[in-house]
Amino acid sequence: MSGTVVDAFARQIDLSRLSAEQFIQLLETLHMLGSAGSGVHLSSLSTETLADVVRRASKEQLRAISEHPELRMVFLEEIFRRMSDHFLAEKARYSSVVVCWRFPGGSGIGGYDRFQTVIEDGRCFSGQDLGREPDTTITIAPDDFFRVATGNAAVAAMFVTGKVKVKGEYAPAVRLSGYFDIPKPA
């Protein structure tokens with residue numbers, strides 16, 4: 001099933017009619033179909049459609065994804081995989097920064113899932129711990145991160161309310177969103 005068909009399917013689902021449990025069952029089914037080689041993959045959703053699904057999902061539905069170990073990692077990995085596609089090299093050409101992301105409730109050290117974003121030499125690399133010493137560490141709940149990364153929430157507002165915590169240098173954390181063309185929901 002091509003990305004455009006998966007996108008069309010995702011746009012037709014009325015998420016407001018699904019409970020958090022039904023939403024998870026739908027995502028589990030789509031993920032299982034992809035793992036079984038059916039050609040249906042959550043990763044084939046366009047970034048705009050993914051942002052739109054996050055926009056239309058309720059807080060309970062997003063929280064359910066963040067509490068589901070497998071789907072949580074699917075969504076986190078998908079967002080980090082796409083970061084370099086949305087990187088604005090011209091805005092970061094003189095920047096060099098390593099950001100460590102910590103997501104509470106995970107299976108890693110101290111109960112966190114960890115990812116890194118490295119910006120250097122006008123390029124961006126992101127993924128699970130890349131083994132680099134971070135300049136700054138950002139701690140944010142996965143469901144809040146899903147909203148920020150898809151343009152559905154303002155990181156500044158979350159910082160003020162304490163939903164985003166920064167350890168280390170603040171300047172890279174403040175400038176980070178300006179280095180990306182944050183997707184707009186479809």
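This is a predicted model: local features need pLDDT of at least 70, side-chain atom pairs count only at pLDDT 80 or more; totals for chains, interfaces and linings use all residues.
Local features need pLDDT of at least 70 and side-chain atom pairs count only at pLDDT 80 or more, while totals for chains, interfaces and linings use all residues. Residues are numbered from 1 along each chain as its sequence is written, and side-chain values use heavy atoms, with hydrogens and water left out.

The model has seven salt bridges, each a side-chain nitrogen of Lys or Arg within 4 Å of a carboxyl oxygen of Asp or Glu.

| Pair | Distance |
|---|---|
| Arg56 and Asp52 | 3.0 Å |
| Asp113 and Arg72 | 2.5 Å |
| Arg147 and Asp144 | 3.1 Å |

Asp113 lies in strand β2 and Arg72 in helix α5, so this pair ties together parts 41 residues apart in sequence. Helices (H or I, at least four residues) and strands (E, at least two) are DSSP runs, numbered from the N terminus. Asp113 is buried at 7% relative accessibility, and Arg72 is buried at 3%. Buried means under 20% relative accessible area, exposed over 50%, and partly exposed in between (1.4 Å probe, protein chains only).

Thr117 also belongs to strand β2 and is buried, at 1%. Its side chain makes polar contacts with the side chains of Trp101 (2.9 Å) and Ser126 (3.2 Å).

Val160 is in helix α7 and counts as exposed, at 71%.

Note on methods: A polar contact is a pair of N or O atoms within 3.5 Å; within protein, one must be able to donate a hydrogen and the other to accept it, and residues adjacent in sequence count only if both atoms are side-chain atoms.
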